[in-house]
Amino acid sequence: MGFREDFLWGGATAANQCEGGYNEGGRGLANVDVVPIGKDRFPIIAGEMKMFDFDDEHFYPAKEAINMYHTFKEDIKLFAEMGFKTYRCSIAWSRIFPKGDEDTPNEEGLKYYEELFKECKKYGIEPLVTITHFDCPMHLIKTYGAWRSRKMIGFYENLCNAIFNRYKGLVKYWLTFNEINMILHAPFMGAGICFEDGENKEQVKYQAAHHELVASALATKIAHEVDPDMMVGCMLAAGDTYPYTCKPEDVLEAMNKNRENYFFIDVQSRGKYPAYALKEMERKGIKIDITEDDKELLKNNTVDFISFSYYSSRCASADPEVNKLTEGNVFASLKNPHLKASEWGWQIDPLGLRITLNTIYDRYQKPLFIVENGLGAVDVPDENGYVEDDYRIQYLKEHILAMKDAVDLDGVDLLGYTTWGCIDLVSAGTGEMKKRYGFIYVDRDNEGKGTLKRTKKKSFDWYKKVIASNGEDL
Ligand code: P53
């Protein structure tokens, strides 16, 4: 029993949160570059405040990030030392198509990722590649309004054609859009959407989401044509919503909250819009332009597997008084009185991972892949730069045990597990360096100061042992 022999253990990163080198190798500017750290970050990623270029008042952590653009060889070597079977990374769209609407790709960008994937292969590490992890070329935002435009499907198609053909034989596992449901919560970060005064935001978000869903199906189609061995997955910011109480009204509310997220996967995995979503849009007066060709594409090109991030469960209540207690920014949720929380207020719920795995497997019956999980915490290195991160080991251990139960006791088909931010990187939600997830400490602070030196934490050797024992020795 236990995990399958070929279980893909590893770690995950995203280009904009680790690479830096924002203007090197012919790379074009992207939305992810211009989101600063500080109080303006949230209104900007939510599309409520316009930031289309750098200004002098803000600090932009993604410009340099942890400089992995230059250090990927040393960093991948450390991943290999831990025994990674897979490494999840993303392609920066604007390295391949700097403006986004060119006819031919930028060779320097293509070459960069080719070297990166070859470096992985050298150690027997299988790349797991996110095609877009929150990034969108700035030119596409300024010229077409990003994903609000149907033209984006064609630009994304060009990107897919370029990378699938170039990396055929090197990359087998692909994810089309990171946390596709994030478009509802952080539309500028998720889809390059910035709202105009007075427009119907729901209408804009769902039309843009539709374009992404069609682009995702098209990517799946192209991948299978280029190489039938390629496996294409969708990616959801998951974490089931529990009813706050057993009051039927709360249960209904929780069901509706879950549907808000599962809607995306329902389309990507089942190939059509679910009835509840069509009804909800009708009620809200949202009219989506869906063509017959779109419907055909969605129907004929469903995903091969389902991937998701899991950090926490959520709660929902139908009671307006209870709802006053809502906390958090990007994914606001009620506080669950039965759970403890991280330093950033993210509630810790390992059993929720088993529950979420089961919900998703029951719903789709396709192989699953946990592509993000982990604890964002403040690490305090000793005089040698060593971090004794027992709290992180504890968090990961409990979550691995929960996923083991989902596999062993419930029979969920699980392909692999990649922890988020296997090397410390810039936080997507807050822009901080201080919120660390890694097995490898990176000497850099919130203001961008530090030597960028890499140091193994205590969890480094622990994870190595976990992988070597295929999850038995925790
Ligand atoms: P940070 C919010 C809620 C759930 C997942 O997040 C989220 C977010 C964004 O904050 O994003 C994913 O860095 C995302 C990663 C991100 C990671 O979770 O805010 O795919 O890019 O870094 C952790 O702590």
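Student: How many bridges join β7 to β11?
Tutor: This is a predicted model, in which local features need pLDDT of at least 70, side-chain atom pairs count only at pLDDT 80 or more, and totals for chains, interfaces and linings use all residues. Residues are numbered from 1 along each chain as its sequence is written, and side-chain values use heavy atoms, with hydrogens and water left out. Strands (E, at least two residues) and helices (H or I, at least four) are DSSP runs numbered from the N terminus, and two strands pair if DSSP finds at least two bridges between them. β7 and β11 run parallel, and the number of bridges that join them is four.

Student: Which residue of β11 is the bridge partner of S309?
Tutor: S309 belongs to β7, which covers residues 305-309. In β7, S309 stands opposite A237, a contact point with strand β5 (residues 231-237), which pairs with β7 in the parallel sense over five bridges. In β11 (residues 368-372), the partner of S309 is E372.

Student: By what angle are neighbouring strands of the barrel turned against each other on average?
Tutor: The strands β1-β2-β3-β4-β5-β7-β11-β12 form a closed barrel of eight, with parallel pairing.

Student: Which strands does helix α9 touch?
Tutor: Helix α7 (residues 151-167) lies across β3 (126-132) and β4 (173-177), and runs at about 165° to β3; axes are fitted to C-alpha atoms, for helices over the stretch in contact, and angles run from 0 to 180 degrees between N-to-C directions. Helix α9 (residues 201-226) also packs on the sheet, and its direction makes about 160° with that of β4. Taking contact as heavy atoms within 4.5 Å, the strands that α9 touches are β4 and β5.

Student: Is F134 buried or exposed?
Tutor: F134 lies in the loop between β3 and α6 (138-144). F134 has a positive phi of about 65° although it is not a glycine. Most residues other than glycine have a negative phi. Because its relative accessibility is 6%, F134 counts as buried.

Student: What is the phi of A146?
Tutor: A146 is placed in the loop between α6 and α7. At 0% relative accessibility, A146 counts as buried. A146 is not a glycine, yet its phi is positive, at about 55°.

Student: What distance separates the C-alpha atoms of I45 and K465?
Tutor: I45 is found in helix α2 (residues 41-45). Its relative accessibility is 0%, and therefore I45 counts as buried. I45 and K465 are 420 residues apart along the chain, and their C-alpha atoms are separated by 38 Å.

Student: How many nonpolar residues are in the lining of the largest cavity?
Tutor: The lining includes F134, M189 and R41. By class, the lining has three polar residues and one charged residue (Asp, Glu, Lys and Arg count as charged; Ala, Val, Leu, Ile, Met, Phe, Trp, Tyr, Cys and Pro as nonpolar; the others, Gly among them, as polar). On a 1 Å grid over the protein atoms alone, a cavity is a set of points where a 1.4 Å probe fits but cannot get out, and lining residues have an atom within 4 Å of a point. The number of nonpolar residues in this lining is eight.

Technical notes. 1 Å grid on protein atoms, 1.4 Å probe; cavity = no way out; pocket = protein on both sides within 12 Å on 5 of 7 lines; lining within 4 Å. Buried < 20%, exposed > 50% of the residue type's maximum accessible area, 1.4 Å probe, protein only.
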